[in-house]
Amino acid sequence: MLRGTVGYKNTPSLIIDVSGVGYKVFVPHNLFAQYGVGDKITVYTHTYVRDDCLELYGFESGEDLKLFEMLISVSGVGCKSALGVFSVGNRSSIVNAVITGDVSFFTSVPRLGKKNGQKIIIELKNKLGGVEDLDLSVGQSTQHHEAMAALASFGYSYQEAELAVTAVKGKNLKTEDIVREALKKLGK
């Protein structure tokens, strides 16, 4: 993790000044656009080392970093391609594309292709299992994630499950109650 000040911007990287030392960090487009020179920034980093280079890839949260590392674990998907996936969508849309098997989402990423998009879906679907393995947004409870996973096991798509569970009001509900209420909403 790096915490410092943006010293220079050059798409798709930022130079982050950490106590007088500048680190070049490749970041997704949304993070690049969010910060200007002189802004304070914290990024969670992945260090990529090869014989001829050392590169840092930075993300806004630890969950984004975890998903990035899952993406690069897929054979044929490198750091630049995985970063491209984050530039096309955010964490929840990437997870949604994997869970729903949306190959077109991944083929919209430059240099990724249909074959690698299919490999990502096949290999990560089991790793993600359900939405409970990855925190999709701040403030969602464990019950929220468990309810979404239960609805997915009933055959509902990620989007349907998310809309139904989000529509259920009441923070102190048990998972079973959330599922019951969500099923009522889905049945209408």
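Residues are numbered from 1 along each chain as its sequence is written, and side-chain values use heavy atoms, with hydrogens and water left out. As the model is predicted, local features require pLDDT of at least 70 and side-chain atom pairs count only at pLDDT 80 or more, while totals for chains, interfaces and linings use all residues.

Helices (H or I, at least four residues) and strands (E, at least two) are taken as DSSP runs and numbered from the N terminus. Two strands are treated as paired if DSSP finds at least two bridges between them. On this basis, five strands form a closed barrel in the order 1-2-3-5-4, with mixed pairing. Neighbouring strands of this sheet are turned against each other by 50° on average, direction ignored. Axes here are lines fitted to C-alpha atoms, for helices over the stretch in contact, and angles run from 0 to 180 degrees between N-to-C directions.

Strand 1 (residues 2–10) runs antiparallel to strand 2, to which it is joined by five bridges. Within this pair, Val6 is placed opposite Ile16 of strand 2. The two strands form a hairpin with two residues between them. Pro12 belongs to the loop between strand 1 and strand 2, and the peptide bond leading from Thr11 to Pro12 is cis, with omega near 0°. Strand 1 also pairs with strand 4, in the antiparallel sense, over four bridges; in this pairing Leu2 faces Val43 of strand 4.

Six bridges connect strand 2 (residues 13–18) with strand 3 in an antiparallel pairing. Asp17 stands opposite Gly22 of strand 3, and Val18 stands opposite Val21 of strand 3. The hairpin of strand 2 and strand 3 has two residues between the strands. Ser19 is located in the loop between these strands and has phi near 55°, a positive value in a residue other than glycine.

A parallel pairing is found between strand 3 (residues 21–26) and strand 5 (residues 53–59), which are joined by two bridges. Across this pair, Val25 lies opposite Leu56 of strand 5, and Phe26 lies opposite Tyr57 of strand 5. Strand 4 and strand 5 run antiparallel and are linked by seven bridges. Tyr48 has Glu55 of strand 5 as its bridge partner, and strand 4 and strand 5 form a hairpin with two residues between them.

Helix 2 (residues 62–72) lies across strand 4 (40–50) and strand 5, at about 20° to strand 4. Helix 3 likewise packs on the sheet, where it touches strand 3, strand 4 and strand 5, and its direction makes about 15° with that of strand 5. The axes of helix 2 and helix 4 (residues 91–100) come within 10 Å and cross at roughly 35°. This crossing is left-handed, a term applied if the near helix is turned anticlockwise from the far one by less than a right angle, with right-handed used if clockwise. Glu63, Asp64 and Leu67 of helix 2 make the contact with Arg91, Ile94 and Val95 of helix 4. By class, the contact has three nonpolar, no polar and three charged residues; Ala, Val, Leu, Ile, Met, Phe, Trp, Tyr, Cys and Pro count as nonpolar, Asp, Glu, Lys and Arg as charged, and the others, Gly among them, as polar.

The second largest pocket contains about 220 Å³ of space. Its lining comprises 13 residues, of which His29, Lys80, Leu83, Gly84 and Arg111 are the closest to the pocket centre. Helix 3 (residues 79–88) provides the largest share of this lining, with five residues. By class, the lining residues of the second largest pocket divide into eight nonpolar, three polar and two charged. A pocket is defined on a 1 Å grid over the protein atoms alone as an open set of points where a 1.4 Å probe fits, with protein on both sides within 12 Å along at least five of seven lines, and lining residues have an atom within 4 Å of a point. Grid points are joined across faces, edges and corners, and a volume is the space filled by probe spheres set on the points.

Notes:
Contact = heavy atoms within 4.5 Å.
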